[in-house]
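Hello,

I am passing on the structure we talked about, with some notes on what turned up in it. Please have a look at it first, then read on.

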Amino acid sequence: MEDLELLCREMLRYLKGEQVDFSWCKVDLSHLSDFEKDVLEQTRRIPYGHTITYGELAMLVGRRGASRAVGSALSKNPYPIIIPCHRVVSSKGIGGFCGGNDPGNVSLKRKLLELEGIKL
């Protein structure tokens with residue numbers, strides 16, 4: 001229960017625009033493939049206020065040229081914000097968020113990036 005209370009406090013701080021590190025949060029990725037786990041674990045390492053491209057993330061997990069596969073793995077992220085998939089962007093723009101390119105999802109991604117001081 002203590003961890004849940006801390007998570008709630010930290011999430012509120014984050015949504016107020018404060019820099020928060022969620023690396024302490026335990027996440028269960030056991031239902032994902034090894035590749036998907038690698039992508040999400042590497043995504044957790046992207047610092048607050050920074051972005052990388054899908055292609056760069058593919059290279060970091062040893063799958064150069066697999067940017068679409070990285071996007072697919074990110075779409076299965078069960079813990080947005082804690083695993084900051086919003087920090088992964090397209091080389092040609094913002095890219096999708098939370099399983100697609102729905103305008104509402106992309107708008108949310110843009111707001112999260114702006115909250116962190118990132119302008120695209």
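Which residues of H2 are buried? Bear in mind that this is a predicted model. In H2, the buried residues are Phe35, Glu36, Val39, Leu40, Gln42 and Thr43. Viewed down the axis of H2, they fall within an arc of 165°, so they line one face of the helix. Their cover includes H3, H4 and strand S2 (88–89).

Setting aside residues up to four places away in sequence, Thr43 touches Leu57, Leu74, Ile83, Pro84, Cys85 and Val88. Of these, Cys85 is itself buried, with a relative accessible area of 6%.

On to the nonpolar cores. The largest has 28 residues, and those with the most contacts inside it are Tyr14, Phe22, Val39, Leu57, Val70, Leu74 and Val88. Helix H1 (2–15), H2, helix H3 (54–60) and helix H4 (67–74) are the elements that give two or more residues to this core. A second, separate core has five residues, among them Val89, Val106, Leu113 and Ile118. Phe22, leaving aside neighbours within four places in sequence, is in contact with Leu7, Glu10, Met11, Tyr14, Arg44, Ile81 and Ile82.

Next, the charged pairs. There are four salt bridges in the count. Glu10, Arg13 and Glu18 are linked in a network. Arg13 and Glu10 are separated by about one helical turn, because they are three residues apart in helix H1. Glu10 is buried, with a relative accessible area of 14%, whereas Arg13 is partly exposed at 30% and Glu18 is partly exposed at 34%.

Arg87 forms a salt bridge with Glu116, with the closest N and O atoms 2.9 Å apart. This pair links distant parts of the chain: Arg87 lies in the loop between H4 and S2, and Glu116 in the segment after helix H5 (103–115), 29 residues apart. Both Arg87 and Glu116 are buried.

Finally, the cysteines: a search of the whole structure finds zero disulfides. Cys8 is partly exposed, with a relative accessible area of 44%.

Best wishes

Key:
Residues are numbered from 1 along each chain as its sequence is written. This is a predicted model: local features need pLDDT of at least 70, side-chain atom pairs count only at pLDDT 80 or more; totals for chains, interfaces and linings use all residues. Side-chain values use heavy atoms; hydrogens and water are left out. Contact means heavy atoms within 4.5 Å. A nonpolar core is a set of buried Ala, Val, Leu, Ile, Met, Phe, Trp, Tyr and Cys residues joined through side-chain atoms within 4.5 Å. Buried means under 20% relative accessible area, exposed over 50%, partly exposed in between (1.4 Å probe, protein chains only). Helices (H or I, at least four residues) and strands (E, at least two) are DSSP runs, numbered from the N terminus. A disulfide is a pair of cysteine sulfur atoms within 2.5 Å. The arc is that of the directions from the helix axis to the C-beta atoms. A salt bridge is a side-chain nitrogen of Lys or Arg within 4 Å of a carboxyl oxygen of Asp or Glu.
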